[in-house]
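Let's take a walk through a protein model together.

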Amino acid sequence: MVLDPKIAHNDYGSFQSPGVGASAHHRGVEIASVALPPGDAGLHGHEGDGEGEGDAEGARLAGDMTQSDLYQRQPLLPPSAKNDTWAGGTKSGGLHSPTREYYDDTSGDGLAIHRNGGLVSSTSNGMVQIDMPAPLREEPRFPKEKWKTFVAFLILVINFLITVTSLAMVHERVPDREKYGPLPDIFLDNVPAIDWALSVSEVLIVISVYAVLIVLVFHKHRFIVMRRVFVILALLYLMRSITMFVTVLPVASVTYYCSPKLNSTSTAVVVQRMWQLFQGFGLSINGKHTYCGDYIYSGHTVMLTMSYLIIAEYSPKRCFPVHWVSWIVSVSGVILVLVAHGHYTVDVIIAYYATTTLFWIYHTLANNPTLKQHGPNNFLARCWWFPLFQYFEQNVGGPVPRQYEWPLPWPRWCHGKHPNRNS
């Protein structure tokens, strides 16, 4: 900003003090001429010219500016080094400057003012230079960390293999259907079995999984959400492999086909069964799931419940009709599993409880930074999987926003100036 003394010749008048010329210089800084309000003789410095002339001058200036205009026209003028005055030269005839404690003067022709971390320097030619400190670099609050997402996917695959391994061994321990019928169940005993209901339930599972994939792919922070889904599903599959192995229940359906037992659990047999189950992704509609005994708890219920929770948590809030449809699909799929006598009622209840509890605890920890560390009152940190949680969530800075973007670099017209939208 250049303070041009030429404005002294305009209609606003000039600022002078006794004994000082029309343009005042203080420590090499050229002061702009400004107008003063009428009636303030101590400021315009024409006391000796008579009352009539002073009043006439004040009346002329009153129509052009006010007292606030005076202060607004010189916000960057440096303070006087003598008597704490602006260019008036005397304490009584000049405008009082701000208190000296806010400024640091430098020797020589220049004037340096330190204010709020910045440096304001004034040179003899009237130039005012403001040096601002460099902004601090902030790390992203939601880093992608793709390699962590890949590690989470590997953990999911390993735990799925553990589950099918457990089922491959459990099949040989299933109670003989000729000797042991289905256990008493309040739902199965009162609802006749409908075999096709299990296939419809699995079709609903496939639809729900595709809907979840769409949400994950188009989410801006897709890698964070993906590894959360992978980790939660991995933990659920691991716990399911343990519960189905320790307690083997009789087959709940009298019509469901089970492969004959071989009375052998050799490595070759287990590997062959694992590969068959892995190809079918645990579903019976493709004809690969012919081994029985995987009851506590229901894998169908886990997938249906997990799909709804993901869609409701990470899809746009304005898409509440989609949330309701997802909820109806999940509930219908669970009911159809029971109608087909594919699981006992206790399997469904435990699966729902395990899935929702783990999902809500995980997200409660992830959305509250204070809960990511061990503490005397943080009992959630005593979960056995807490170290795994810390590894994947330590760099995530709070709740993941519901932002979406086109995942591919093409076509370019899909990438607007503001491609992300909060919902």
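This is a predicted model: local features need pLDDT of at least 70, side-chain atom pairs count only at pLDDT 80 or more; totals for chains, interfaces and linings use all residues.

The UniProt record (an unreviewed entry) marks residues 295–312 as "transmembrane region", along with 150–170, 196–218, 230–252, 324–344 and 350–366. Such annotations may be inferred rather than shown by experiment. Residues 350–366 are 100% helix and 0% strand, with end C-alpha atoms 24 Å apart.

Now look for open space. A pocket is an open set of points on a 1 Å grid over the protein atoms alone, where a 1.4 Å probe fits, with protein on both sides within 12 Å along at least five of seven lines; a cavity is a set from which the probe cannot get out, and lining residues have an atom within 4 Å of a point. A volume is the space filled by probe spheres set on the points, which are joined across faces, edges and corners.

The largest pocket holds about 990 Å³. Its lining has 38 residues, and F160, V209, Y237, F281 and M303 are the closest to its centre. Helices here are DSSP runs (H or I, at least four residues) and strands are runs of E (at least two), numbered from the N terminus. Among the helices that each supply at least two lining residues are α4 (146–170) and α5 (196–218), and α5 gives the most, with eight.

There are also six cavities of 30 Å³ or more. The largest cavity has a volume of about 180 Å³. Of its 17 lining residues, L198, Y256, H289, D294 and G342 lie nearest the centre.

Finally, two details of the backbone. Most residues other than glycine have a negative phi, and most peptide bonds are trans. E145 is not a glycine, yet has a positive phi of about 50 degrees; E145 sits in the loop between β5 (128–131) and α4. I296 and Y297 are joined by a cis peptide bond, with omega about 0 degrees, and Y297 belongs to the loop between α7 and α8.

Notes: Residues are numbered from 1 along each chain as its sequence is written. Side-chain values use heavy atoms; hydrogens and water are left out.
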